[in-house]
Amino acid sequence: MVLVAGFVVISSLAMVAGAKARSQNLEIQGGFGRQSSYYDSKLRQSPALIRARRPYLFKNVMVGVATAGLAASVYIYTLNAVGQDEFDDVKVPGTTTTTTTTQTKK
């Protein structure tokens, strides 16, 4: 849930930054007046934008949860697969393997 909340916050900040950049770009270019926006002067979402995004909110959250779940499951599977492996057959450079045999005197 923290991951989804973080994603929502980051996407909201990205949209706000984009709206601010577009409004500044129009001022610099000397556009045809004020462009209508879904954001107010303090860059908060307008009620119209909230209503427009509402039908997609649940679907977007579900896709985010599914994507995060897939990534977490691949990560956990990989750690488990590597943790079960025995690395006895791997030769490490710089180490010498010496086998000592004990000889008995007759």
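Student: Let's start with Tyr-38: at what relative accessibility does it sit, and what does it count as?
Tutor: First, a caution: this is a predicted model, where local features need pLDDT of at least 70 and side-chain atom pairs count only at pLDDT 80 or more, while totals for chains, interfaces and linings use all residues. Residues are numbered from 1 along each chain as its sequence is written, and side-chain values use heavy atoms, with hydrogens and water left out. Buried means under 20% relative accessible area, exposed over 50%, and partly exposed in between (1.4 Å probe, protein chains only). Tyr-38 comes out at 48%, so it counts as partly exposed.

Student: Where is Tyr-38 found, and which residues does it touch?
Tutor: Helices (H or I, at least four residues) and strands (E, at least two) are DSSP runs, numbered from the N terminus. Tyr-38 is in the loop between helix H1 (2-29) and H2. Contact means heavy atoms within 4.5 Å; leaving out residues up to four places away in sequence, Tyr-38 touches Arg-44, Gln-45, Ser-46, Ala-48 and Leu-49.

Student: What separates the C-alpha atoms of Tyr-38 and Leu-49?
Tutor: Along the chain these two are 11 residues apart.

Student: Which residue meets Arg-44 in a salt bridge?
Tutor: Side chains of opposite charge can pair when their charged atoms come close. The rule here asks for a side-chain nitrogen of Lys or Arg within 4 Å of a carboxyl oxygen of Asp or Glu, and the count comes to 1 salt bridge. At 3.0 Å, N to O, the partner of Arg-44 is Asp-40.

Student: Is Asp-40 buried or partly exposed?
Tutor: Its relative accessible area is 29%. That value makes Asp-40 partly exposed.

Student: What is phi of Leu-43 near?
Tutor: Leu-43 is also a loop residue, between H1 and H2, and at 23% relative accessibility it counts as partly exposed. Its phi is positive, in a residue other than glycine, and is near 60°.

Student: Past H2, where is Val-90 found, and which residues form the nonpolar patch?
Tutor: Val-90 is in the segment after H2, and at 45% relative accessibility it counts as partly exposed. Patches are made of residues with over 30% relative accessible area and no salt bridge, joining like charges within 9 Å and nonpolar side chains (Val, Leu, Ile, Met, Phe, Trp, Tyr) within 5 Å. Accessible areas come from the Shrake-Rupley method with a 1.4 Å probe, and for residues only the protein chains shown count as cover. With about 370 Å² of accessible area together, the patch is Val-82, Phe-87, Val-90 and Val-92.
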